Amino acid sequence: MEYAVIAAPFGRLGVACRDGELVELRFLPADAALQTPAAGSLAAEVARQLDAYYTDARHAFTVPYRLHGTPYQLRVWERIVAIPCGETRRYLDLSQALASSPRAVGGACGRNPIPIIVPCHRVVASAGLGGFNQSTGDETLDIKRWLLRHELG
């Protein structure tokens with residue numbers, strides 16, 4: 001397993017790669033100690049592509065990744081990846097497309113192991129922002145707001 005902690009405009013991100021694939025991006029506290037990825041590693045490429053995204057929200061991620069989840073979660077995440085940059089979908093919209101419930105979609109969004117690249121921040125509530133990363137706290141919602149503002153220009 002390969003780990004790194006990289007800087008982001010909204011704090012720190014933990015990066016975990018295994019067998020040549022990104023398996024997790026985790027939001028960390030802004031004061032988490034940086035751990036530079038090894039030169040030439042997949043984690044270094046993830047950091048490079050995230051930096052490209054912070055410069056241009058339309059950056060298309062090409063890093064190989066593997067999502068680990070239930071069959072339902074995988075279906076939700078597949079729908080999320082298809083949401084174009086600069087657009088949002090409601091939990092309700094996804095739930096109707098999946099013959100599910102908005103709460104179940106929200107649960108799958110909250111368990112997304114690779115946020116930003118699988119852009120769960122693009123899924124919002126019918127009346128408001130909704131949650132983010134299994135939370136409705138200011139710290140995580142501030143990240144969701146930053147990502148949406150970045151993409152909406």
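Axes here are lines fitted to C-alpha atoms, for helices over the stretch in contact, and angles run from 0 to 180 degrees between N-to-C directions. Helices (H or I, at least four residues) and strands (E, at least two) are DSSP runs, numbered from the N terminus. This is a predicted model: local features need pLDDT of at least 70, side-chain atom pairs count only at pLDDT 80 or more, and totals for chains, interfaces and linings use all residues. Residues are numbered from 1 along each chain as its sequence is written, and side-chain values use heavy atoms, with hydrogens and water left out.

## Helices α2 and α4

Helix α2 covers residues 71–81 and helix α4 covers residues 102–110. Their axes come within 9 Å and cross at roughly 85°. That makes α2 roughly perpendicular to α4. The angle classes are as follows: under 35 degrees is roughly parallel, over 145 roughly antiparallel, 65 to 115 roughly perpendicular, and the rest oblique.

Which residues in α2 and α4 meet? From α2 come Tyr72, Gln73, Val76, Trp77 and Ile80. From α4 come Ala104, Val105, Ala108 and Cys109. Contact means heavy atoms within 4.5 Å. The residues of this contact divide into eight nonpolar, one polar and no charged. In this scheme Ala, Val, Leu, Ile, Met, Phe, Trp, Tyr, Cys and Pro count as nonpolar, Asp, Glu, Lys and Arg as charged, and the others, Gly among them, as polar.

Gln73 lies in helix α2. Is Gln73 buried or exposed? Gln73 is buried, with a relative accessible area of 13%. Buried means under 20% relative accessible area, exposed over 50%, and partly exposed in between (1.4 Å probe, protein chains only). Leaving aside neighbours within four places in sequence, Gln73 is in contact with Ala108 and Arg111.

Arg103 is found in helix α4. At 75% relative accessibility, Arg103 counts as exposed. The C-alpha atoms of Arg103 and Leu92 are separated by 8.6 Å, and the two residues are 11 apart along the chain.

## Cysteines

How many disulfides does the structure hold? The structure holds zero disulfides. A disulfide is a covalent bond between the sulfur atoms of two cysteines. The cut-off applied is a pair of cysteine sulfur atoms within 2.5 Å.

The sulfur of Cys17 is 18 Å from the closest cysteine sulfur, in Cys120, which is too far for a bond. Cys109 is in no disulfide either; the nearest cysteine sulfur, that of Cys120, is 5.9 Å away.

| Residue | Relative accessible area | Class |
|---|---|---|
| Cys17 | 2% | buried |
| Cys109 | 5% | buried |
| Cys120 | 4% | buried |

Where is Cys120 placed? Cys120 sits in the loop between α4 and β5 (123–124). Leaving aside neighbours within four places in sequence, Cys120 is in contact with Ile80, Cys109, Asn112, Pro115 and Phe132. Cys120 and Gly110 are 10 residues apart in sequence and 8.0 Å apart in space, C-alpha to C-alpha.

## The three-stranded sheet

Three strands form an open sheet in the order β1-β2-β3, with antiparallel pairing. The edge strands are β1 and β3, and each pairs on one side only. The twist averages 25° from one strand to the next. Two strands pair if DSSP finds at least two bridges between them.

Seven bridges join strand β1 (residues 2–8) to β2. The bridge partner of Ala7 in β2 is Arg12. β1 and β2 form a hairpin with two residues between them.

The bridge partner of Gly14 in β3 is Arg26. β2 and β3 also form a hairpin with two residues between them. In that turn, Asp19 has a positive phi of about 55°.

Why is β2 largely enclosed by the rest of the structure? Strand β2 spans residues 11–18, and seven of its eight residues are buried, so the strand is largely enclosed.

Helix α1 (residues 42–55) lies across β1, β2 and β3. Helix α1 runs at about 20° to β1.
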